[in-house]
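This briefing is intended to be read beside the sequence and the coordinates.

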Amino acid sequence: MTKEVRQAVEAVLPSVRADLEALVRIPSVSALPEHAADVQRSAEAVADLFRQEGFDVQILTANGGAPAVVARRPAPPGAKTVLLYAHHDVQPTGKRQDWTTEPFEPTEVGARLYGRGAADDKAGIAVHLAAIRALGDDLAVGVTVLVEGEEEVGSPTLAAFLAAHSELLRADAIVIADSGNWDIGVPALTTSLRGLVDGTVEIRTLDHAVHSGMWGGLVPDAVTALIRLLGTLHDGDGNVAVAGLHSGTAAPVDYPVYRLRAESGILDGVEFIGSGTAVERLWTKPAITVVGMDVTSVAQASNTLSANARAKISVRLAPGDTAERALAAVRSHLEQHVPWGAKLTFTPGDAAEPTSIDPIGPIYDVAREALRDAWDGTEPIHMGVGGSIPFIASFREAFPDATVLVTGVEDPDTRAHGANEGLHLAEWKRACLAEAYLLARLGAKDYG
Ligand SMILES: [Zn+2]
């Protein structure tokens, strides 16, 4: 069967590539209201693609959210149903001059197809399309495709959408094609993602700013007090020093230092912070970053004690933590460490729960086999991701019995969200193959 499926995928890839390019030409930027019509247009384009495959297609919304496409082909009697997820909205492009090609004109250069959304996540849509088109009438499982239109703005109505359409979307397995692989040539299943909480720390020490010559040395200024407080968030080695934040252990995955240095862009001589293996620090331990500050600018500076100062901190949470517990730990740390009796206000902002998936069970076995065969025998890695995909928690909550497989087309140099986003075409082909193998094997009579 493997050989037939491979040939079928190879036969449909040129047409699917053309469909992907047409999708990339639609600037479906969900964050910008002036692109609302484009988001609608991209939903319609995606709907047309699955309609052409004989699927029953609807464009649906919940609570006034962006249009999502639901395309279905019911399961033959006794067969499993698989939900295939991707999103059709994209990030803004940022500055045009940072791109070497037109962001919304897909352009092949070297091994990659460049363009906003060429990878994240229109290539995910194209993976689903390729598997479905390749298997055609041989598709022996039920398939429901869900292509969301607001992932890049945090999926504000997805939980409501899943609740409202839970009968329509119910499945045995959910394939979320919006993550990536370990490296070029090494496939992965994403099995853990950190969560996030952020908030604003405000410090006040005076009811008005005063002359630093008159009062400096006796009266604390708010900026110094804020900096001292922020300095307590890490120990001398750069480990997070907030008591009560959860830390876990990661699989023994070797992330070589040369890759860490090249992929992060860290400057020569600058040291990594924290302790534990690199992947633990990135995937299963908390991290705190000061992401912004409101203080007097250098240009505006005078010899004055500032009366107030603010900083925004962002806290990545290890799987096993909860946003609520983490916020309480951060608040209590700040209250205990604020120096000199300065007045502290902490205002929480966004929150996203971490996720960890135990990849055990027959569907995971089939998925690993599919990845291995698509990547010419290379064993897939169980990969963590330092960032957050909060909607995965929404799927797990809505469908607690379904097996969730987080796959994707990205590699360490995809530059999703950045300038010069590019899809590695050979890896994309492997992702298409893997998904076709997965659907074929889940539909095979001898499965399970
Ligand atoms: Zn994405």
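The model is predicted: local features require pLDDT of at least 70, side-chain atom pairs count only at pLDDT 80 or more, and totals for chains, interfaces and linings use all residues. Residues are numbered from 1 along each chain as its sequence is written, and side-chain values use heavy atoms, with hydrogens and water left out.

**Overall architecture**

- The protein chain contains 13 helices and 18 strands, where helices (H or I, at least four residues) and strands (E, at least two) are DSSP runs numbered from the N terminus.
- Along the principal axes, the C-alpha atoms of the protein chain fill a box of roughly 85 × 45 × 45 Å.
- Of the 448 residues, 51% count as buried, where buried means under 20% relative accessible area, exposed over 50% and partly exposed in between (1.4 Å probe, protein chains only).
- Among contacts with a separation of 6 or more, 81% join residues 24 or more positions apart; contact means heavy atoms within 4.5 Å.

**Helix 1 against helix 13**

- Helix 1 (residues 2-24) and helix 13 (residues 425-443) pack at an angle of about 130 degrees, and their axes are 10 Å apart. Axes are lines fitted to C-alpha atoms, for helices over the stretch in contact, and angles run from 0 to 180 degrees between N-to-C directions.
- The two helices are therefore oblique to each other, given that angles under 35 degrees count as roughly parallel, over 145 as roughly antiparallel, 65 to 115 as roughly perpendicular and the rest as oblique.
- From helix 1, the contact includes V5, V9, L13 and V16, and from helix 13 it includes W428, L433, A436 and Y437.
- The residues of this contact divide into 11 nonpolar, 1 polar and 5 charged. Here Ala, Val, Leu, Ile, Met, Phe, Trp, Tyr, Cys and Pro count as nonpolar, Asp, Glu, Lys and Arg as charged, and the others, Gly among them, as polar.

**Backbone geometry**

- Most residues other than glycine have a negative phi, and most peptide bonds are trans.
- The peptide bond from D120 to D121 is cis, with omega near 5 degrees, and D121 lies in the loop between strand 5 (112-114) and helix 3.
- R415 is not a glycine, yet its phi is positive, at about 60 degrees; N420 likewise has a positive phi, near 60 degrees.
- R415 is in the loop between strand 17 (403-410) and strand 18 (422-424), and N420 lies in the loop between strand 17 and strand 18.
- R415 counts as partly exposed at 45% relative accessibility, whereas N420 counts as buried at 14%.

**Two buried residues**

- H128, in helix 3 (residues 122-135), is buried at 0% relative accessibility.
- Beyond its neighbours within four places in sequence, H128 contacts F50, L84, Y85, A86, V175, A177 and E435.
- N239 lies in the loop between helix 7 (222-231) and helix 8 (257-264) and is buried, with a relative accessible area of 15%.
- Neighbours within four places aside, N239 is in contact with L233, H234, G274, S275 and K285.
- N239 and V279 are 40 residues apart in sequence, and their C-alpha atoms are 14 Å apart.
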